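This briefing is meant for a reader who is meeting the structure for the first time. Please look through the sequence and the model before turning to the grouped points.

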Amino acid sequence: MLNPNSFIKVTVTTLATCMLMACGGSSGSGGSNGNDTSGDTKYVLSLNSAESANTGVVGKTVYSINVKDNDGIAVYGETPTLKPMMAMNAGHHHSSPHTGCTETNSLGNSDCTVYFIMASAMNGNAMGTWTVDIELEDAETLSFNPNVTMPMDETVRVNLKGVDDKIGVTPRTYNIFNNSAASNAEGERSIELFISSKETMMSFPALATNTTLSEGTADELSVNSIEVLVSTDKDAVTWTTATTNGDGVWTAEVENYTDTFYVKLSVNSETKMNGEFDYATFEKTSSMMNMAAQ
Ligand SMILES: [Cu+2]
């Protein structure tokens, strides 16, 4: 006879394993292409560089697109919708953090920014297929399959995790992406980070104050305060406080940079953890090891 308690245990264990493996499990919207085939379209979406359809990197990737009407005239003031989705070879789908597309300018151009969380292949093994859909009402969906690769020069993403801050039984995950460029010869460096939380495999909202995560669910979290601290010395007494654009991007200037910087994150005064450490480490030429540790 089926014991209901053991059933729940198995389900929770499976779910936790799934989250650790960064796999999906949601039905997702795989196969969402081909909508709006009525021919009754007003606008045409295209990539400004055809080659960009083939490429992306783990971390920040920007696709520049263009919107024209059927007469070839640039369309101003429209905001397309961005939908990245990975079909894992293991059979699941998951999305990725993104900040959507900007409003088209007078030339009809819009920048669509996605933060890819996984490469298409790791260590020569195919992981799955990314599909990026860019949608606009009255237009046929622009859909392409970039080969997402891992930048090899520096750690590009580190996850920090909640302690009491959980989704179900699992600590809430915060993805910290490293967008910044190299330092100058004097060791001065402008650091730019993008931080998103993982609510489900389909939902990675940008971290910002006065937002509510997983609103209306048991995992709801009102984000009242966020502190992002940056240092080139993990033992420093005083860290540099990063400032935000209010949409998940955090910037700070540091000095004495050689090959490593560190980031601390607290949300509602709870410091997020990387295993036993209360900071994330970003270093040169060792990104593969960090990425493998999901
Ligand atoms: Cu994946």
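What percentage of the contacts in the protein chain with a separation of 6 or more is accounted for by residues 24 or more positions apart? Such residues account for 61% of those contacts, a value that, like the others here, was computed from a predicted model. The protein chain has two helices and 24 strands, and buried residues make up 34% of its 294 residues.

**The five-stranded sheet**

- Five strands form an open sheet with antiparallel pairing, and their order across the sheet is S13-S14-S15-S21-S20.
- Strand S13 (157–167) and strand S20 (243–244) each have a single partner strand and stand at the edges, so one side of each is left without a neighbour in the sheet.
- Between S13 and S14 there are seven bridges in the antiparallel sense, and within this pair leucine 160 stands opposite tyrosine 174 in S14.
- The hairpin of S13 and S14 has two residues between the strands, and in this hairpin glycine 168 takes a positive phi near 65°.
- Strand S14 (residues 170–178) also runs antiparallel to strand S15 (residues 189–198), to which it is joined by six bridges; here asparagine 175 has serine 196 in S15 as its bridge partner.

**The four-stranded sheet**

- Another open sheet, of four strands with antiparallel pairing, has the order S1-S3-S7-S6.
- At the edges of this sheet stand S1 and strand S6 (98–101), each with a single partner strand, so that one side of each is left without a neighbour.
- On average, and with direction ignored, neighbouring strands of this sheet are turned by 25° against each other.
- S6 and strand S7 (residues 109–116) run antiparallel and are joined by three bridges, and in this pairing histidine 98 stands opposite valine 114 in S7.

**Strand S10 and its partners**

- Strand S4 (residues 81–88) pairs with strand S10 (residues 128–135) over eight bridges in the antiparallel sense, and the bridge partner of leucine 82 in S10 is isoleucine 134.
- Six residues lie between the strands in the hairpin of S10 and S11, where aspartate 138 takes a positive phi near 70°.

**Lysine 42 and its contacts**

- Lysine 42 is found in the loop between helix H1 (4–20) and strand S1 (43–47), and this residue is exposed, with 12 other C-beta atoms within 10 Å.
- When residues up to four places away in sequence are not counted, lysine 42 touches Asp69, Asn70 and Asp138.
- Lysine 42 and aspartate 138 are 96 residues apart along the chain, yet their C-alpha atoms are separated by 5.3 Å; aspartate 138 is also the residue with a positive phi in the hairpin of S10 and S11 described above.

Notes. Residues are numbered from 1 along each chain as its sequence is written. This is a predicted model: local features need pLDDT of at least 70, side-chain atom pairs count only at pLDDT 80 or more; totals for chains, interfaces and linings use all residues. Two strands pair if DSSP finds at least two bridges between them. A residue is buried if 20 or more other C-beta atoms lie within 10 Å of its own, exposed if 12 or fewer, and partly exposed in between; C-beta atoms are placed from the backbone. Two residues are in contact if their C-beta atoms, placed from the backbone, lie within 7 Å. Axes are lines fitted to C-alpha atoms, for helices over the stretch in contact, and angles run from 0 to 180 degrees between N-to-C directions.
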